[in-house]
Amino acid sequence: MSTMWAATPSEQLMRMATRAAGRRRSATRRRLPLYIGLAMLVLAVAAAVLAPVLVSQSPTTIDVLHPLAPPLTPGHALGTDQFGRDVLARILYGARIDLAIAFGATIVTLVGGTIIGLVAGYLGGRIDSVLMRLVDLFFAFPFLVLIIAIVAMLGPSILNMFVAIWITSWVAYARIMRAQAVVAKRQQYVLAARALGYGRLRIMFRHILPNTASAVIIFSMVDAVGNIILAASLGFLGLGAQPPSPEWGTMISEGQNYLLTSWWLATMPGLAVVFVGIAFSLVGDGLADLLRTGER
Amino acid sequence: MAAGGPLLTVRDLRSYLSTRHGVVRAVDGVSFTLGEAEVLGIVGESGSGKSATCRSIVGLMPASTAHVSGEVIYHPHGGRNILTARQPELQALRGAQLAMIFQDSMTALNPVLTVGDQLLEAVNAHASLTRAQARSQAIGLLERVGIPAPARRMRDYPFQFSGGMLQRAVIAIALASSPRLLLADEPTTSLDVIIQDQILSLLLELQEDTGMSMILVSHDLAVISEVCDRIIVMYAGQVVEEGRAADVITHPAHPYTQALLDALPQAGERGLLRSIPGSPPSLIDVPDGCRFAERCPHVLGKCRTWDTELLETSGLTGTSGLTGSGGRIETGGPGQLARCWRHDEVRRPQA
């Protein structure tokens, strides 16, 4: 039998192992989306932070002599808007607002929702029922309508937009985390921890959370994209950042009147939204991949 | 082996689980007493209520679905029932006084923390030590359970341990605060025979060194008979036989115990494997009378109607050779009990 094989079994094994090793080396290639996404995010953050260095114009200075200048006009790489404000400057300064929304709104809801879901899932019983009915209540409303109602009630401003997102967006995290906690609390390592007499807080935050956090972290990346689009939508509806401030959604909203004559007013900030959205999506996707292969 | 007073008394322990299909009587009136420094074995098939008994004692049944009643008295803690104790009181007992190890060592540790971290956590849980003290105690524990190069292995994650080594680490964690009672729920089931033997002898050695009591749960009569002073045989949530290990193994008084012993494959004997015909009754619609009646070769009409209870069997202890040298000294507890009204006719001199 063995003469039929060109190579001895050990050589065959060696070849298989070598091939597997080659595949492992290409792990870097598999993480490419993550790296590209992170690079794009870093770029966006850098642009926001370095805005005064990158452009000399202020985003709010009106220049009535040069309104609606097309892109590539000297001194105005992306043109000017109807008041002669530099579009590039507005996009770069606008990144500060929109990224702050992406991070600020998302981190608060991520942390809050995760804690609520963890507590509900682990403790169960009445606490769980009450918290989850509350979540159901939020899910029952159309999300955007709820946010618009809250912002309209509090008065349109960036801070109130944050508050509206904080009030409504934690529910998704709570539900995801609760499902994870319910599964985890039946795991043997949790039973073992309880058998060792550890307190509930210790079990929840030291034993369950690190084992289950990947799902909410990945979701938060998707949610960050959603929050940017939400901020843009609210700005577009006039409920977010108010006109002089260079928020992307507000810019798109203002630019729509000139869409046929001066397309760059709405298109350029739109591309900025797309850029950041893709960046977060890639990071979320890459993280999901990374954390999944890291599992047992 | 020092015989002392009782350490743990369990009286009429019941653990009913509410499920979608009805109420499952996982544990249905289990009573026993465990002496100081005694090793008690609980045997039975899967689903006979062995694990549920242990988990009920430690209060680890799921609170939302399980209804636990009866009495569990841990004597060093006073005469109170710990089943009704409040959470902080129970937490102080667990780990410090009562420890439990689980069946599957591969999942008994938190996968994202190093073994050392988890061991240190257990060491610190019920004592206030300095970092250096805790660390040296942790390393000492790993060494004690036979893990080579303990200081280096502290930094490893659970997945870097083999099954046997992991079970050793789990035992080290359970023993971190020198409990007086160790509940071992099938500690060797997921391990191969060689490792099984090593872990069992390690457990016994530790038990003898520390003088703690131990409840060893297993479905393997061979394992149980090797290490236990006394045996409880469970069937369908009830104790069907209880007695000193040697008595139960050599003179089983309940047909179920006999069937279990008959089912043990004999070394050097080729042929058909014997099993017990039929399957255990549903724990939801529990039949009246003896729960083993459906599968019992000795069944009579009365078996299906009598109000079962554990009956004392006439003592054969004098002839069992137990009183001779090498036998373990009986610690508390009655003689041999069986939940069979025909135990005297059923009992065979040699199984």
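Biologist: What's the handedness of the crossing of H6(A) and H8(A)?
Modeller: Left-handed, going by this predicted model.

Biologist: And at what angle do their axes cross?
Modeller: Roughly 130°, with the axes of H6 (residues 125–140) and H8 (residues 158–184) of chain A coming within 9 Å. Angles over 145 would count as roughly antiparallel and 65 to 115 as roughly perpendicular, so H6(A) is oblique to H8(A).

Biologist: Which residues make that contact?
Modeller: H6(A) puts in Leu131(A), Met132(A), Val135(A), Phe138(A) and Phe139(A). From H8(A) you get Thr168(A), Val171(A), Ala174(A), Arg175(A) and Arg178(A). By class, that's seven nonpolar, one polar and two charged.

Biologist: OK, switching to the contact between the chains. How many residues does each chain give?
Modeller: Chain A gives 17 and chain B gives 23.

Biologist: Which element gives the most on chain A's side?
Modeller: H9(A), with six residues. Helix H9 (188–195) and helix H10 (200–236) of chain A are the elements that give two or more.

Biologist: How does chain A's side divide by class?
Modeller: Seven nonpolar, eight polar and two charged residues touch chain B there.

Biologist: Now chain B. What's the strand order in its eight-stranded sheet?
Modeller: E5-E6-E7-E3-E8-E9-E11-E10, in an open sheet with mixed pairing. The edge strands, each pairing on one side only, are E5 (98–101) and E10 (311–312) of chain B.

Biologist: Do E5(B) and E6(B) run parallel or antiparallel, and how many bridges join them?
Modeller: Parallel, with four bridges joining E5(B) to E6 (residues 181–185) of chain B.

Biologist: What stands opposite Met100(B)?
Modeller: Leu183(B), in E6(B).

How values were computed:
Residues numbered from 1 in each chain as written. Chains lettered and ligands numbered in written order. Predicted model: local features only at pLDDT ≥ 70, side-chain atom pairs only at ≥ 80, totals over all residues. Axes fitted to C-alpha atoms, helices over the stretch in contact; angles between N-to-C directions. Parallel < 35°, antiparallel > 145°, perpendicular 65-115°, else oblique. Left-handed = near helix turned anticlockwise from the far one by under 90°. Contact = placed C-beta atoms within 7 Å. Nonpolar A, V, L, I, M, F, W, Y, C, P; charged D, E, K, R; others polar. Pairing = 2+ DSSP bridges.
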